Every structure is written in structure tokens, then in C-alpha cells.
Amino acid sequence: MITFVLLIERGTFFGVGDLLPFWVADMDFRVAEPIIEALRERVDHGIYGYTIRQDSYYYAIIGWTKNRLGWEIEKEWIEYTPGVVPAINYAIQALCEPGDKIVIQQPVYYPFKNSILNNGCHVVNNPLVENGDHYDIDLADLEEKLKDPKVTMFILCSPHNPVSRVWTEEELRRIGELCLENNVVLISDEIHNDLVYSGNKHIMIASSDERFAMNTITCTAP
Ligand SMILES: Cc1ncc(COP(=O)(O)O)c(C=O)c1O
């Protein structure tokens, strides 16, 4: 193995005999003109974002969601955004009016609050309750707050950052039902769904009931 590496290095730097330098990508010859031309065209375009999503992108998400989280989703349900925080902002802009109230459960990942305020809405806090070595949801308080007709959205963090709770099926069911009863759209930030210690099981809230799925935007990322 070592001999092999040395030969390639020597071929690259000293042009030994007829060795061809198949090194990582540092070619020692000029690239073909059509490639230079294609690069020039791309550079002249001036927009360098990830603009193409091939089928493999969707199949990776569909496969992961099915194999790891037991939920069969369809390609048409998936919408690309440049991040979870942008997704939350787009959801607020698309589904709320300025002046609407949006429920979050503090302490929570701070961009939730900023996204609400930056889009002209009001934060309604359903504070998590410290209970020994973990935090719980005050479901009675949540029920009261969701009843307010000015509340149009609830942004759930599941699993929760920073309190590290993996919500149980029972808790998620209650949240799902309360949102439906009060006509409140649920945004479920599930970006941390892969970071769950053994003994816990992450449940995607939208996967637990078709009615919840119809009322939920689930946000994930690789
Ligand atoms: C709960 C939560 N949502 C979203 C993000 C960031 O998402 P993105 O970088 O895709 O906007 C983080 C990052 O720490 C997070 O903790």
C-alpha cells in the first residue's frame, strides 16, 4: 500500500516514466476548452445557490423518514427551504397576518421568538415547567392560550432545544388535538430528531394522525 502511494506521488511531481498522475484533483495538465467555456458561462450567471434538486434528494428524505421514523411520505409533500429558520419565517409570512399571536414554549431556541417579532406578530409563551430532572408541558395553560382567537399558530420544538425533552405520544396527541380544536396551525421543528438517546423514541407528530398531518408543517434538516 505504501509503495503504491509513493509511486503516485513520484508520478505527480517528477513525471517518472509513463506513470499517470491520478491524484485527488490537482491536475498537471490544462483542462479541455469546453470545460473552461462551461465554467465561464456558469460564473457569468452570477447566482451560485443550490438550485437543482434531483430525484435522489427527495428519495433520500423519503427513505430516511420511512426507515428511521416509520412515516411514509410523498415527494409532493416535501418543500425545500435554505434552512429551518427560513422555513419558520416563510410559514409565518404565508399563514399569519401581522398582529396575530403565535405560541411557543420557552425556554426555546431563540430564533422562534425573533421570527415571530420580525414578521409583526406577537409571542405568547406557554412556559415549560421544571420538574426535578426534566421539563414538562403545562397542558392546561397551553389549552387556555390556544383558545384565544388571535392565536393562529403554535411552533413546537420536538425534540426540544434546549430542555432536551423527547415528547411522548400522549403529549403529542394532546398538542395535536388542541391545535385542531382551536384552528391553530402547527409548525413542528423536528431538526433534532436523530439526536435521541436509547430508551426514547422520537415520534413525528404529523405521522401519528392523518388529521394532524393535514394541520402541520414539519421542519427537518440533514
Ligand atoms: C431547534 C432548532 N431549529 C433550527 C435550528 C437551525 O436550523 P437552520 O440552520 O436549518 O435554520 C437549530 C440549530 O441549532 C435548532 O436548534
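**View 1. P159 lies in the loop between strand 5 (151-157) and helix 7 (169-181).** Helices (H or I, at least four residues) and strands (E, at least two) are DSSP runs, numbered from the N terminus. This is a predicted model: local features need pLDDT of at least 70, side-chain atom pairs count only at pLDDT 80 or more, and totals for chains, interfaces and linings use all residues. Residues are numbered from 1 along each chain as its sequence is written. The peptide bond between S158 and P159 is cis, with omega about -10°. P162 sits in the loop between strand 5 and helix 7. A cis peptide bond leads from N161 to P162, where omega is near 15°.

**View 2. S164 and N183 have positive phi without being glycine.** S164 belongs to the loop between strand 5 and helix 7. Its phi is near 65°. How exposed is S164? S164 counts as partly exposed because it has 14 C-beta neighbours inside 10 Å. The cut-offs are these: a residue is buried if 20 or more other C-beta atoms lie within 10 Å of its own, exposed if 12 or fewer, and partly exposed in between, with C-beta atoms placed from the backbone. N183 is in the loop between helix 7 and strand 6 (185-189). Phi of N183 is about 60°. N183 counts as exposed because its C-beta neighbours inside 10 Å number 11.

**View 3. Helix 3 covers residues 55-69.** From first C-alpha to last, helix 3 reaches 20 Å over its 15 residues. That is close to the 21 Å expected at 1.5 Å a residue; the expected span is 1.5 Å times one less than the number of residues. Helix 3 is hardly covered, with one buried residue among its 15 residues.

**View 4. Five strands form an open sheet in the order 2-1-5-6-7.** The pairing is parallel. Strand 2 (122-125) and strand 7 (216-219) are the edge strands, and each pairs on one side only. On average, neighbouring strands of this sheet are turned by 25° against each other, direction ignored. Axes are lines fitted to C-alpha atoms, for helices over the stretch in contact, and angles run from 0 to 180 degrees between N-to-C directions. Two strands pair if DSSP finds at least two bridges between them. Strands of a sheet pair through backbone hydrogen bonds, either parallel or antiparallel.

**View 5. Strand 5 pairs with strand 1 (residues 101-104) and with strand 6.** Three bridges link strand 1 and strand 5 in the parallel sense. V103 stands opposite F154 in strand 5. Helix 4 (residues 84-95) packs on the sheet and touches strand 1, strand 5, strand 6 and strand 7. Two residues are in contact if their C-beta atoms, placed from the backbone, lie within 7 Å. The direction of helix 4 makes about 175° with that of strand 6. Strand 5 and strand 6 also pair in the parallel sense, over five bridges. Here M153 stands opposite V185 in strand 6.

**View 6. K147 is in helix 6 (residues 139-147), and E41 is in helix 2 (residues 33-45).** K147 is exposed because 12 other C-beta atoms lie within 10 Å. K147 and P86 are 61 residues apart in sequence and 27 Å apart in space, C-alpha to C-alpha. E41 counts as exposed because it has 9 C-beta neighbours inside 10 Å. Between E41 and L146 there are 53 Å in space, C-alpha to C-alpha, and the two are 105 residues apart in sequence.
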